[in-house]
Amino acid sequence: MIPLHSHRPMSDALNLHAAPEHESMAQGLDIIFIDGFVGETVIGIHHDELHDTQPVRIDLAAGLPRSRACDTDHIGDTIDYGEVRIALRDMMSTHRYRLLEAFSEAVASLLLGRFGAHWVRVRVTKPRKFEDVDSVGVMIERRRKPQPERRGPAEVLSLLGAGMVPGERR
């Protein structure tokens, strides 16, 4: 019998550091995180948000399959959260996004592309946007797109021997 309420409670969904539940991540991840990064930026859609800066909080987690840094103890073998912090500061001063969703997507793309993360969870909030709410915001989760498999020379020769030409459609 399937329970009627099989979804996760809201408190679990907001746990930034909870491991992703994707089958492709079954081998486990090393998760580097930044909690409570706060900067001032111009972002929003309402007239009172378009000219003056306001505080924005960023919490993020970035996962790597077992980081080489576990063995080498070398910062170049993992995500340097000091460098991520600098990149976030730069983004806060130069972006032109109006919605937190678009800004969050840009942060996720930065972590996946420039920093080599395989999985990210990014939470961006506006603290005290309304007097009766602690914060409003968005949280997104993204994974690196799978890279196409490269065929080695032995596989190509095997295909040729079978009468198939790589890249040719029949």
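Colleague: Hello! To start with helix 3, what covers its buried residues?

Modeller: Strand 1, strand 2 and helix 4 (100-113) are among the elements that cover the buried residues of helix 3. Keep in mind that this is a predicted model.

Colleague: Which residues of helix 3 are the buried ones?

Modeller: They are Val 84, Ala 87, Leu 88, Met 91 and Met 92.

Colleague: And what puts them on the same side of helix 3?

Modeller: The arc they cover around the axis is only 140 degrees, so they sit on the same side of helix 3. Ser 93 and Thr 94, on the other side, are exposed.

Colleague: How do you know that the length of helix 3 agrees with its number of residues?

Modeller: Helix 3 takes in residues 81-94, which is 14 residues. At 1.5 Å a residue they should span 20 Å, and the end C-alpha atoms are 20 Å apart, so the two values agree.

Colleague: Why do you say that Asp 80 caps helix 3?

Modeller: A side-chain oxygen of Asp 80 lies 2.8 Å from the backbone nitrogen of Gly 82, at the N-terminal end of helix 3. The cut-off for such a pair of N or O atoms is 3.5 Å, so this distance qualifies.

Colleague: What makes the link between the side chains of His 95 and Thr 41 a polar contact?

Modeller: The distance is 2.7 Å, and the limit is 3.5 Å, so the pair counts. A polar atom of the His 95 side chain also lies 3.4 Å from the backbone oxygen of Val 42. Leaving aside residues up to four places away in sequence, His 95 touches Thr 41, Val 42, Ile 43 and Phe 103.

Colleague: Is Glu 49 buried or exposed, and how do you know?

Modeller: Glu 49 is buried. Glu 49 is in the loop between strand 1 (30-41) and strand 2 (54-64). Its contacts, not counting residues up to four places away in sequence, are Val 42, Ile 43, Gly 44, Gln 54, Lys 126 and Lys 129.

Colleague: Back to helix 4. Which elements do its buried residues pack against?

Modeller: They pack against strand 2, helix 3, strand 3 and strand 4. The buried residues of helix 4 include Phe 103, Val 107 and Leu 111.

Colleague: Which residues touch the most other members of the largest nonpolar core?

Modeller: Among the 30 residues of that core, they are Leu 60, Leu 111 and Val 122. Strand 1, strand 2, helix 3, helix 4, strand 3 (119-127) and strand 4 (135-143) each give two or more residues to this core. Helix 4 gives the most, with eight residues. In soluble globular proteins, nonpolar side chains tend to be buried together.

Colleague: What does Leu 111 touch?

Modeller: Beyond residues up to four places away in sequence, Leu 111 touches Leu 60, Val 84, Gly 116, Ala 117, Val 120 and Val 122.

Colleague: Finally, what pattern does the protein follow along the sequence?

Modeller: The pattern is α-β-β-α-α-α-β-β-α, with five helices and four strands. Of the 170 residues, 31% are buried.

How values were computed
Residues are numbered from 1 along each chain as its sequence is written. This is a predicted model: local features need pLDDT of at least 70, side-chain atom pairs count only at pLDDT 80 or more; totals for chains, interfaces and linings use all residues. Side-chain values use heavy atoms; hydrogens and water are left out. Buried means under 20% relative accessible area, exposed over 50%, partly exposed in between (1.4 Å probe, protein chains only). Contact means heavy atoms within 4.5 Å. The expected span of a helix is 1.5 Å times one less than its number of residues. The arc is that of the directions from the helix axis to the C-beta atoms. A polar contact is a pair of N or O atoms within 3.5 Å; within protein, one must be able to donate a hydrogen and the other to accept it, and residues adjacent in sequence count only if both atoms are side-chain atoms. A nonpolar core is a set of buried Ala, Val, Leu, Ile, Met, Phe, Trp, Tyr and Cys residues joined through side-chain atoms within 4.5 Å.
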